[in-house]
Amino acid sequence: MNIQLLGGAREVGRSAVLVNNSLLLDFGMLTGNPPQFPVETPKPDAVVVSHGHLDHVGTIPALLSGNNRPPIHWTPPTYELALTLARDTLKLHGGTYNCPFTENDVKRVTEVSKTHGYRETFEAAGHEITFYNAGHIPGSAHVLIDDGDTRLLYTGDFHTDDQRLVTGTTARPDADVVICESTYSDVEHEDRVNVEEQFAQSVNTTLWEGGTVVVPAFAIGRTQEMLLICDEYDIPCYVDGMGKQVTEMLRQYPEFVRDADALRRAKSHARFVTGRDGQRKRITDQKAAIITTSGMLSGGPAMTYIPEIRSNPVNKITMTGYQVEGTPGRDLIESGSAEIDGRVMPVSAQVEQYDFSAHADRDGLLNFLESYRDTTVLVNHGDRCEQFATELQEAGIEATAPEIGSVQTI
Ligand SMILES: [Zn+2]
């Protein structure tokens, strides 16, 4: 088997792995200004996608330009999320160099899509493929690829602990090679229950004091996790941005969430913001949490909420995810001010950050890889892939961190 990382090697973003020159795993986009894409656009015989985050599916429609029509295999939620993200990219960047596909390419995605559940083996480009729950977001999969000689396990992004929205991964299928993500290879997450309790207490304190809390959250996964937490702790909340339609969509796929009834209750507990008739400005006076995109304050309805609530020190902004360097969310945490919609704004409202990660931490990664002691491990999807590979070697695991574009023959 030969394996070529076309993106996501020693970096987070634009994940893409070409197997045996014929099967492509993921084809993502690295958000930024400008966005970046995998180093090559191959013409694979088939495509298999691990999950519906932009850095794994963001460039998929570009594979369908011209006469290329490879089938694309994924779980049903991943398919829906890929379409949602592609349409959003068209809206933001359509017709510019920052959008590598057209509206027609996006329409073709529907024609070539093949959906599969977990543990249903199927064939793609002459390989036997099986998905296993990866515990990251609804529909996320570990992908097992068997070419007849070698079994490759592509972990995609995964979490070993349960979240409210999805259960952690438990599958450890036999493999000869593992491509393993390493986003949090030097982080130990605090116990999730403690994080939730601290968050709930902090939000409730602000509401008792008469303030409003803006909760920036990624649309996919995090928004729904925050809705479930607000319902559990009886925090009055609004939800706004792309997370609303993702929540609606996930209700169609109860088998891909941990507790479909809990998600239904959380959805009816929250008030969905339409944004009509100045509703956004009005609700910034309410004693409530407002869960909204974007998670790093780089767009979305947060652009309306933050300027409205920022001057009052009783109000609060609670970041719920990792903030990439150079984003307004990161600036806000580090300096107390952020460029919102082109204007630098000092913020008097309180700013807090919570670790609601959907990735395995260092212990989770090591526990997972304990099942693959005798396999070759290729470390990807991280800011310190080479260091983590060295640490694995020191622990007796055969590990490397391939460079972008290089070909590994296993
Ligand atoms: Zn992801």
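Modeller: In this predicted model, helix axes are lines fitted to C-alpha atoms over the stretch in contact, and angles run from 0 to 180 degrees between N-to-C directions.

Biologist: How many nonpolar residues has the contact of helix 5 with helix 7?

Modeller: Helix 5 contributes Gln-224, Leu-227, Leu-228, Cys-230 and Asp-231, which meet Ala-262, Leu-263, Arg-265, Ala-266 and His-269 of helix 7. Two residues of this contact are polar and two are charged. The number of nonpolar residues is six.

Biologist: Which residues of helix 6 make the contact with helix 5?

Modeller: The axes of helix 5 and helix 6 (residues 243-250) come within 9 Å and cross at roughly 80°, so helix 5 is roughly perpendicular to helix 6. By class, the contact has three nonpolar, four polar and no charged residues. Helix 5 takes part through Thr-223, Gln-224 and Leu-227, and the residues from helix 6 are Gly-243, Val-246, Thr-247 and Leu-250.

Biologist: Why is the site of the zinc ion irregular?

Modeller: The protein donors are His-51 (NE2), His-53 (ND1), His-136 (NE2) and Asp-157 (OD), at 2.2 to 2.4 Å from the zinc ion. The angles among the four donor atoms are 88 to 168°, and the site is classed as irregular.

Biologist: How many residues apart in sequence are the parts that His-53 and His-136 tie together?

Modeller: The donor residues follow the spacing H-x1-H-x82-H-x20-D. His-53 lies in the loop between strand 4 (46-48) and helix 1 (54-57), whereas His-136 lies in the loop between strand 8 (127-133) and strand 9 (141-146). The pair therefore ties together parts whose separation in sequence is 83 residues.

Biologist: Is Thr-89 buried or exposed?

Modeller: Thr-89 is placed in helix 2 (residues 76-93). Leaving aside neighbours within four places in sequence, Thr-89 is in contact with Met-29, Leu-54, Gly-94, Cys-99 and Phe-101. With a relative accessible area of 5%, Thr-89 is buried.

How values were computed
Residues are numbered from 1 along each chain as its sequence is written. This is a predicted model: local features need pLDDT of at least 70, side-chain atom pairs count only at pLDDT 80 or more; totals for chains, interfaces and linings use all residues. Side-chain values use heavy atoms; hydrogens and water are left out. Donors are N, O and S atoms within 2.8 Å of the metal (3.2 Å for Na, K and Ca); water is not among the atoms, so sites may look incomplete. Four donors count as tetrahedral if all angles lie between 85 and 135 degrees; four count as square planar and six as octahedral if opposite donors are over 155 degrees apart and all others between 65 and 115; anything else is irregular. Helices (H or I, at least four residues) and strands (E, at least two) are DSSP runs, numbered from the N terminus. Buried means under 20% relative accessible area, exposed over 50%, partly exposed in between (1.4 Å probe, protein chains only). Contact means heavy atoms within 4.5 Å. Ala, Val, Leu, Ile, Met, Phe, Trp, Tyr, Cys and Pro count as nonpolar, Asp, Glu, Lys and Arg as charged, and the others, Gly among them, as polar. Angles under 35 degrees count as roughly parallel, over 145 as roughly antiparallel, 65 to 115 as roughly perpendicular and the rest as oblique.
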